[in-house]
Amino acid sequence: MTLQGEQVLVTGATGFLGGALALKLAAQGVRVRALVRTPAKAEFLPPEIERFPGDVTDTAAMRRAVQGCSVVFHVAAVFNGVAPQFAVNVDGTRSVAAAAGEAGVKRLVHVSSIASYGVNYTTDVTEDMALAPGAMPYNVTKAQGENVVREVAARYDLSYTIIRPSMIYGPKSGLWTEQMFRLASLNPTPWIGDGSGSAYPIYVDDVVDLLILVATHPNAHNQAFNCTPDPSPTWRDYLQSYSRLAGHDNWLAIPPLLMLAVGGIAMLVSPPLSEGRDLPDMIQFARRHITFKMTKARELLGWQPQVDLATGIARSADYLRSIGKLT
Ligand SMILES: NC(=O)c1ccc[n+]([C@@H]2O[C@H](COP(=O)([O-])OP(=O)(O)OC[C@H]3O[C@@H](n4cnc5c(N)ncnc54)[C@H](OP(=O)(O)O)[C@@H]3O)[C@@H](O)[C@H]2O)c1
């Protein structure tokens, strides 16, 4: 089954991932309704994509937004502020999922994150492992968002699929393309130690393709899937791909013990629910050799990421040129 001709809702369609998803769906002949909170941010969407004004925390608006939809892609989230993240990533997810359940949509595709697993795993991570998000509000709220999806889906007998992407990069990625390129342009590029720990860059088109696949795949019913590079490249592979675009490959290894000392101080002075609390764990995590395995998607869906790092960085370079960040 395909989505061609079907009506779908995409929340977060004015953002990086949701925008790419909405464009790809529309190009495939899907009738896309984009949830739009900030109209100025929707200007890049073509006219055939319907704009539906609303906020995911507005339960009544979400009930109206899902009307007539066979699939709801819930992509919207926020990344900052403790209260806003609980309001949007947890309560907003509840209102989207409940609206989808009440309306009898065929599948809710929920975008989570590998952040839900937390940063304390020391071995490769598969989807059956527990979510242990730690103290970072983003990680905590993404894990709670997943729990909300499962609870609401059970109440309404709603079919759902949860996708856990890693570091999504590519055109329009603020953090994992523009900011990483800025960091890697520093000569030498500073990072923790020799950069031999694992990084998790996944190209945006791969995430979009998996989201579309699971919307109709029978084996995706009530399942969660990682969406990550398997095997993982290293931080050095990833950052030096960008630094080579900037014309160098010089590396500045910051001693891990120094970073851990700074992280330890930050942890002591940080509130219980904050990024600072997990800083030492994050520094250790960035030095480990871990892969978030794609075995489940390969076995159940016959799918794996298609865009290797060299190709993804080359496409990102075109984007950086197009916005004048790379000459
Ligand atoms: N980027 C990554 O590397 C990454 C990795 C793993 C998982 N994820 C997940 O992928 C999803 C998309 O991330 P992204 O990078 O595309 O983020 P983004 O560019 O910041 O986009 C977030 C989107 O959510 C919308 N939004 C936020 N609060 C809302 C609200 N209260 N009501 C309605 N819409 C709201 C934003 O609307 P406005 O335009 O109005 O702000 C925007 O369209 C998120 O669920 C995130 O957790 C991202």
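Let me start with L25, which, once residues up to four places away in sequence are set aside, touches L3, V8, V10, V30, V32, F73 and I212. Please keep in mind throughout that this is a predicted model. The setting of those contacts is the largest nonpolar core, which has 71 residues, and within that core L25 and F73 are the two that touch the most other members. Its largest share, 7 residues, is supplied by helix α6, which covers residues 204–214. Apart from this core lies another one, made up of 29 residues, and among them are A65, V78, V152 and A224. As a general background, nonpolar side chains in soluble globular proteins tend to be buried together.

Now to W176, which sits in helix α5, that is, residues 174–185. If we leave aside the neighbours within four places in sequence, W176 is in contact with M167, I168 and Y169, and also with W235, Y238 and Y242. As for the distance from W176 to G263, the two residues are 87 apart along the chain, and their C-alpha atoms are separated by 22 Å.

That leaves the surface, where I265, M267, L268 and V269 together make a nonpolar patch of about 430 Å². One of these residues, V269, belongs to helix α8, which comprises residues 256–269. Is V269 buried or exposed? V269 counts as exposed, because its relative accessibility is 67%, and the cut-off for that label is over 50%.

Key
Residues numbered from 1 in each chain as written. Predicted model: local features only at pLDDT ≥ 70, side-chain atom pairs only at ≥ 80, totals over all residues. Heavy atoms only, no water. Patch = residues over 30% accessible without salt bridge, like charges linked within 9 Å, V, L, I, M, F, W, Y side chains within 5 Å. Areas by Shrake-Rupley, 256 points an atom, 1.4 Å probe, with all protein chains shown as cover. Salt bridge = Lys/Arg side-chain N within 4 Å of Asp/Glu carboxyl O. Helix = DSSP H or I, 4+ residues; strand = E, 2+ residues; numbered from the N terminus. Buried < 20%, exposed > 50% of the residue type's maximum accessible area, 1.4 Å probe, protein only. Core = buried A, V, L, I, M, F, W, Y, C linked by side-chain atoms within 4.5 Å. Contact = heavy atoms within 4.5 Å.
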